[in-house]
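Here is a short tour to read alongside your sequence and 3D view. Keep both open as you go through the points.

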Amino acid sequence: MISHFLDNFTDNLLPYLFLYTELHYKFKFLGSRYFIKEPEILLDVPHRIEPEHDIPLFLLIKDSHWFPVKLIDIKIEILNNQINDRFYYSFDKMINQKWWSEIFYINSINYSQNIKINAFIRYEINGFSKTCINHNIPTIKSTPLNSYISSEVYPRPLNSIYGDLHYHTNVTDDMVEFGAPLDSTYKAMKPLALDFACNTDHSYDIDDKIDSWIETDPELTKWNNSIKEINILNEKNKFNTFFIQSEELSLLNLDGFIIHALVLNNKKFLPGQGDGAEIPFDFSCKYNTLTLKNELEQNSLCIAAHPRSPVPFLQKLFFKRGQWQFKDLILDHIDGLQILNGEIDDGFIDGLNIWKKLILCGYKKFIYAGNDAHGNFNKYRQIKMPMISILEKDSQIFGECRTGIVRENNKNSIESTIRGLKHGNCFVTNGPAITINVLHENINYHMGDSIISDRINIKLNFNSNKELGKKGKIIIYFGEIGYKEKQIFNTIDVNNKEVIMEFPFIVSKKGYIRAEFSGNSYRGRRVALTNPIWVSPLN
Ligand SMILES: [Zn+2]
Ligand SMILES: [Zn+2]
């Protein structure tokens, strides 16, 4: 009974702790089963590899300034069909720094589809010689890392880019979780066919002193350092891959519960720490959804983060966490909703429902996608019971759910990306690419645009591959403002083919048109949803 109660208790209490698991925090009197006098050591790899890209393997060692370690060597084993390859890397090197990382590249040419990777990491610490497989978290069994070596490129509409809008870097470094260094994340992007990401670290972590989980830094060193590093890396990568400086702000909804907002490209840091567990029983936040308006700069974007992820009762009680409500979401300065947060779960279904309610009521709000990954290119490790156990899963990993933005030209820049997102010229997916557009009197109307006409031709484009799911159904909806949504045209069966179709549509009522794909791939259910094109008749 007790263990059952504890299980539920901690499940409920620890809400969004998806992470590279921090092993060095001990609650004052409890001790911790997974506390170790070693730095955290782990190997990571993107969950998929674009054709003609090497496989990057990221070795990360954290907190070796507290626990210096001698890294001896690493043996990497790759299993694929009948192949069993081994690679050996010798180090014999003392490591003594907060963040240390190394990347190994393995040629992907000999492999196809699913591969399994195991790294046998040999090190010396406290006078002992040890070997761990893939990581040194003591309470979790080592399972192989999985990646998919794709022979087909990620499907991409013309002039589009892909971004993960919700991602935690190593600025998120607190008592229970930490993210990956920026430099490693840039290197993971191209193999994932990802063009950009937003470093939405928690507002309550960004303002901490380095190496402290609770002390506030008036100089905002972490924030300023990450801006500098992003500027340097964006330039160095010539914007082939880039980051948009962002944060995940803790703020209050209009009922006084704590929610999260993705604030993208706001030059000024916005504080918020009611659910950071840094000051016991202090759930205050500097902003609520209404007062936030005055802080948002002109070229920033504000998105409701995982707006309808369920909040268990105990989290509500102890962290005062809540959900975005209709009255918060209708506010003008809230651009839209991040309904896809790393997996197809109840939060996605409920998020989709509240979004449909908003657009049917005539609010022009858009949908976006991210993963809420904390580092995690391959697996999520989540604290199940604080100080006792850690769970592992393979959802909410970097780059799986993504936002595809269709732009006027093919030039990568922060400005054009923000503009595309702000106008809703985008779709969300965890696999296939889907877009709608309307060519009318020589103007190309994208998703997010509005058009006044009595008669239009809607063009639908759908593209996928074996890896991302080529079987499923596409439905096109017309939503009549103030009334309801209905399916227009027949359901399109996607059966191993690209879909390019054009449909004439008579506009007799004010409303919107949107398309939705649902199908399957080897990773389970795949969805792709367009943002709407809004339509009104001439009179
Ligand atoms: Zn969050
Ligand atoms: Zn987050």
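What follows covers a few helices, strands and single residues, grouped by topic.

This is a predicted model, in which local features need pLDDT of at least 70 and side-chain atom pairs count only at pLDDT 80 or more, while totals for chains, interfaces and linings use all residues. Residues are numbered from 1 along each chain as its sequence is written, and chains are lettered from A and ligands numbered from 1 in the order in which they are written. Helices (H or I, at least four residues) and strands (E, at least two) are DSSP runs, numbered from the N terminus.

- Six of the eight residues of α2 are buried, so the helix is mostly covered; a residue counts as buried if 20 or more other C-beta atoms lie within 10 Å of its own, as exposed if 12 or fewer do, and as partly exposed in between, with C-beta atoms placed from the backbone.
- Those buried residues are Leu-182, Ser-184, Thr-185, Tyr-186, Ala-188 and Met-189.
- They pack against β4, β7, β13 (196–199), α4 and β14 (242–252), where contact means that C-beta atoms, placed from the backbone, lie within 7 Å.
- Helix α2 (residues 182–189) packs with helix α4 (residues 221–236) at an angle of about 35 degrees, and their axes are 11 Å apart. Axes are lines fitted to C-alpha atoms, for helices over the stretch in contact, and angles run from 0 to 180 degrees between N-to-C directions.
- On the α2 side, Leu-182, Asp-183 and Tyr-186 make the contact, and on the α4 side Ser-226, Glu-229, Ile-230 and Leu-233 do.

**The β2-β4-β7 sheet**

- Three strands, in the order β2-β4-β7, form an open sheet with antiparallel pairing; strands pair if DSSP finds at least two bridges between them.
- β2 (40–44) and β7 (99–106) are the edge strands, each with a single partner, so one side of each has no neighbour in the sheet.
- From one strand to the next, the twist averages 15 degrees.
- Strand β4 (residues 55–62) pairs with β7 over eight bridges, and Leu-57 has Phe-104 of β7 as its bridge partner.

**Two buried residues in strands**

- Ala-261 sits in strand β15 (residues 258–264) and is buried, because 27 other C-beta atoms lie within 10 Å.
- Beyond its neighbours within four places in sequence, Ala-261 is in contact with Leu-249, Leu-251, Cys-302, Ile-303, Ala-304 and Ala-305.
- Arg-514, in strand β31 (residues 511–521), is also buried, with 23 other C-beta atoms within 10 Å.
- Leaving out neighbours within four places in sequence, Arg-514 is in contact with Tyr-477, Thr-530, Asn-531 and Pro-532.
- Ile-475 is 39 residues from Arg-514 along the chain, and their C-alpha atoms are separated by 8.5 Å.

- Strand β27 (residues 455–463) pairs with β30 in the antiparallel sense over eight bridges, with Glu-502 of β30 as the bridge partner of Lys-459.
- In helix α8 (residues 414–422), the residues Thr-417, Gly-420 and Leu-421 are buried. They cover an arc of only 95 degrees around the axis, so they are on the same side of α8; the arc is that of the directions from the helix axis to the C-beta atoms.
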